[in-house]
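Hi,

Here is the structure I said I would pass on. Have a look at it first, and then read my notes below.

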Amino acid sequence: MTVLTRKTHSTAVETLTWTPVVEEHRLERDVGAAALLKGRHIALYRTWNDRLYASSNVDPDTGASVLSRGIVGESGGVPTIASPLLKAVFNLETGECLTNDELSVETYPVRVVDGIIQVGLDF
Amino acid sequence: MPELINIRDLPTSVSERRVVVVGAGPAAHRFVTALRGRGDRSDVVVLGEESVAPYDRVNLAKHWDPDHDLSLTNVGMWNERTHLVTNAWVNSIDPERKSVHVNGETELAYDELVLATGSAATMPPLPGNDLAGVYVYRTVNDVDRMRANVEALSSARGPEKPPQAVVIGGGLLGLEAAGGLVKYGFETHLVHSRDWLMSSQLDEGGGRTLNRAIEQRGIELHLGQRPSAVLPAAADPSTVGGVAVGEDLIEADLVVWAIGITPRDELARDAGLETAPNGGVPIDTACRTATPGIWAIGEVASFDGTCVGLVAPANAMAEVVAAQLTGGDDEFTEIDDATKLKLHGLDVASFGDSLSRKSGTLDVVMSDPVEGVYQKLVLSDDARTLLGGVFVGDAEPYASLRALLGRQLPGAPKAYLSGGGDVPDAEMPDDLVACSCNNVTVHEIKQAVGQGCHDLASVKKCSKAGTQCGSCVGLVGKIMTKEMEGAGLEISKRLCEHFELSRPELFEAIRLSRLTSFTQVIEKIGTGRGCDICKPVVANILATAFHEHVLDGGRDGLQDTNDRALANMQKDGTYSVVPRIPGGEITPEKLAVIAQVAKEFNLYTKITGAQRIDLLGARLEQLPQIWQRLIDAGMESGQAYGKSLRAVKSCVGSAWCRYGVQDSVGMAVHLENRYRGLRSPHKLKIGVSGCARECAEARGKDVGVIATDKGWNVYVGGNGGFTPRHAELLVSDVDDRMLVKVIDRFFMYYIRSAERLQRTAPWVESLEGGMDHLREVILEDSLGICDELESAMGDLVADYRDEWAETLNDPVKLARFTPFINDPQATDETIVQVPERGQVRPATAGERVMISVPTIGIGA
Ligand SMILES: Cc1cc2nc3c(=O)[nH]c(=O)nc-3n(C[C@H](O)[C@H](O)[C@H](O)COP(=O)(O)OP(=O)(O)OC[C@H]3O[C@@H](n4cnc5c(N)ncnc54)[C@H](O)[C@@H]3O)c2cc1C
């Protein structure tokens, strides 16, 4: 019999691995890009004010890996990404969906070290 | 079935907490959605013994059509934290070790366990029930097996002697099953133990009215009787041949049991958990069982001593547990047992104390045996408070009334029944639950309207009301209309939160102040930073006003992905490629190139309705290579992705056709080449027919050109689609030169003054004076703008460049056709295609759940 047990992490922060992705200058403003990190599809965005965000690239409506190809925008001051397929709009800060509260996307912390964008992954 | 990942490969937990759900039915699905909706980041593992992802059991009858997708989940809901394991039968629970055993081989630890095992259809231990051809009606598998048998029977019997079916049980499920079998051509009998159908919901008056309605549908009723045995067929003793009912023997090729449901509490009982005397696992108002860390929801949960076989309470319980697990204190306090029969063309509904069981109740009854209508309201002894109701034959009042359960009726009770006079137009209380499947109140529907949902579709989407069983949709519509009227809502033309202007106002402002970038536009006349609504509109206006490549000058961030990739994105993230084929005329050489490209890149190929060829399934990174090949062969972008001119459809015309009076193909090619690439508020289509026979169906287009012996008749404002409309005659018998002038003016006037996504048909309708006004502007130049419209169009035509040719010459633009910015060689492996009719198509959600990597299933 196989036994699957739980691996306990003491705190969430400790388990973040900062993974380098790409030079900062290669990410265009308002044009999302997808990256393949540890086998996962991550979307990166640079907004009008040069803030960086990362989310899963998978559109929760359809399961297609396309979120980065949507339109980066803003709603009530919050940065957003609109899915290119069924047009659900997500808050890039929290991942929550502004148009359908059954949906959400995972978001990840982003930072820049020595000109390289790094994404904090907890997997 | 494709190979599945074994449960042993389930990744170790990444979170603090693992929630395990046993059962993958509607309750489990709702629970997971609600938990994620609350932002919870626990690991969730859903274990279901069926081989498919959670589906909408309520609408099981629709599965008689095997292509009808009942799936409740979108693939995206299963991810690295949310695992669905199909074919996973939980055989035991160990509450001490806090673990479950799956398929007798794998132990899975949990922190919180949610029992959502539902119920099973009841089948009594009667002789003959093990014969082939005896079914229950509970799962998609049951229906698949029945359908296979039904099809075999129908073809074996032929039309003279139809196959015969016996349904046992005259409740909701039995009636639905019988209805399905009648549709399949079965001679159907229904056996029910009481004297009238749906006896748990309907009183005698309602039940007898229903009996008659069902008999009129050709179903033979055997009431007040129970079967004593199911008998084998004489020809083949392993299959069913009949059912013994009292003295009678009813011949049967197929038998369906629908006498009730039994909660699936065997797992709980074996684990030593408390179970209720009538079956089910008892829960408190928090949906907790008596065992710490174990919750129960849906049909298996026993509340106040009963299990309910309805989806509304299951959803409500799922929401409660999701709330409880995320620090909320929501409670489940009341069972909403309102029911509505889903039989086409027959209204039957009941709610509350429909059988008038409480003492001292008063019944208000309306019975019309001629029309087959029976309606009853059950009221408190002071005739004011609504306690329940029964509706047969006409359930129109049901949706509004059930929401008033337990409240004082604002008007005379009689007024609420059909033909009883006008219902007082009282305000509906805000806390009324209008949609009980999803627990949506009147207030929430009004809120949706307040947030800008001004049509039924968006109110449903936003509030979730009416999206499950659908019985409250009428009510939702009423609440919406009333709220909009009350608010004096004049439909706002405001583009979005960033622009107060409407599209035509924006067009004028941009053109007159010569604003050439989105930043300039939003800073001068908008607020904030723009969104997916205003950005493409502005990009589209800039393209028409200043003729720039849509991807130039930072405009690509404004574009819908379709415009950005210069191709139409499909549901799986691949794209379609449509080369321009002007007028539908194509040389064999070009056709051969298209065929070669399709073959080489394994693209699904289809002829479109606009006489073009669609190549589907191209990956982002393949688009430049594909287009290079097409452009080398002399083709160009068909702009099938843009809000722009699509195609000009034509018939064969006078060159070949013996009836043709003008060269329709020549004109179509000319027009398509003139207006190609023209960006507009919505897509534009043209048709050209060579004679009045109208083989090009030109009057279904935005501009329809039909040959006469003197020239051309021009029709405008037609479209197919959702609200088809024929184009109307604008002008008759014009020559070639005038024809082009008229279309130039019409298109340019439309482009400047139409709203966002407004096609020409509603645009013409919206013009004050309609077609007359249009004739004045375009033919009599009443506004003095004809010259300007023509010259603006002339400039656009002169400046046309093929977007794809330009893109291929620009390394910066080309770089965007790389799927992953950090790994230029990698391709998207989540795109899964399966073969169909000799080509490929995207895998369905169900197929992908089983094939794709992030989700887990158990191998056989
Ligand atoms: C034909 C039909 C029509 C209906 N019409 C209506 C209607 O009009 N209105 C209405 O409100 N309701 C209707 N219902 C009832 C409604 O479908 C149920 O109330 C609803 O499905 C309950 O959801 P559930 O998740 O609690 O249970 P279920 O849907 O029964 O799901 C439970 C799941 O758990 C699985 N399971 C059980 N034990 C185990 C185990 N040990 N390990 C792994 N998996 C397990 C089962 O295989 C099943 O897939 C209808 C039902 C049927 C069959």
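**Charges over rings**

I'll start with B:Arg194, which lies over the face of B:Trp196, at 5.6 Å from the ring centre. Keep in mind throughout that this is a predicted model. There is another arrangement of this kind in chain B: B:Arg693 sits over the face of B:Tyr659, and here the distance to the ring centre is 3.6 Å.

**Aromatic pairs**

While we are on rings: counting over all chains, there are twelve aromatic pairs in the structure. One of them is B:Trp627 with B:Trp804, whose ring centres are 5.5 Å apart with the planes at 15°, so this pair is stacked. What I like about the pair is where its members come from. B:Trp627 belongs to helix 16 (residues 623-632) of chain B and B:Trp804 to helix 22 (residues 803-808) of chain B, so the pair links distant parts of the chain, 177 residues apart. Both B:Trp627 and B:Trp804 are buried.

Then there is B:Tyr749 with B:Trp763, an edge-to-face pair with 5.6 Å from centre to centre and 75° between the planes. B:Tyr749 is in helix 18 (residues 736-753) of chain B and B:Trp763 is in helix 19 (residues 760-766) of chain B, so the pair ties together parts that are 14 residues apart in sequence. Are these two residues buried or exposed? B:Tyr749 has 11% relative accessibility and counts as buried, and B:Trp763, at 1%, counts as buried too. Both belong to one aromatic cluster, made up of B:Tyr675, B:Phe746, B:Phe747, B:Tyr749, B:Tyr750 and B:Trp763.

I checked the length of helix 3 (residues 172-183) of chain B. Nine of its twelve residues are buried, so helix 3 of chain B is largely enclosed by the rest of the structure. Among those buried residues are B:Leu172, B:Leu175, B:Glu176 and B:Leu181, along with the glycines B:Gly174, B:Gly179 and B:Gly180. Just after this helix comes B:Gly185, with a positive phi of about 85°.

Helix 6 (residues 311-325) of chain B got the same check. Its 15 residues should span 21 Å, and its end C-alpha atoms are 21 Å apart, which agrees. This helix is mostly covered, with 13 of its 15 residues buried.

**A hairpin in chain B**

Strand 23 (residues 362-368) and strand 24 (residues 373-379) of chain B pair in the antiparallel sense, with seven bridges. One bridge to look up is that of B:Met366, whose partner in strand 24 of chain B is B:Gln375. The two strands form a hairpin with four residues between them, and in the turn B:Gly372 has a positive phi of about 75°.

Strand 29 (residues 575-577) and strand 31 (residues 613-618) of chain B are antiparallel partners over three bridges, and B:Ser576 has B:Leu616 in strand 31 of chain B as its bridge partner.

The residue I would pick out here is B:Asp614, which lies in strand 31 of chain B. Which state is it in, buried or exposed? With a relative accessible area of 15%, B:Asp614 is buried. Leaving out residues up to four places away in sequence, B:Asp614 touches B:Ser576, B:Val577, B:Val578, B:Tyr604, B:Thr605, B:Lys606 and B:Thr608. Of these, B:Val577 is 37 residues away from B:Asp614 along the chain, with 5.9 Å between their C-alpha atoms.

**Chain A**

Chain A has eleven strands and zero helices. Of its 123 residues, 54% are buried. Among its contacts with a separation of 6 or more, 41% are between residues 24 or more positions apart. Its accessible surface is about 5100 Å², with 49% belonging to carbon and sulfur atoms.

Cheers

Conventions:
Residues numbered from 1 in each chain as written. Chains lettered and ligands numbered in written order. Predicted model: local features only at pLDDT ≥ 70, side-chain atom pairs only at ≥ 80, totals over all residues. Heavy atoms only, no water. Buried < 20%, exposed > 50% of the residue type's maximum accessible area, 1.4 Å probe, protein only. Contact = heavy atoms within 4.5 Å. Areas by Shrake-Rupley, 256 points an atom, 1.4 Å probe, with all protein chains shown as cover. Expected span 1.5 Å × (residues − 1). Pairing = 2+ DSSP bridges. Phe/Tyr/Trp six-rings, centres within 6.5 Å; stacked < 30°, edge-to-face > 60°. Lys NZ or Arg CZ within 6 Å of the ring centre and 35° of its normal.
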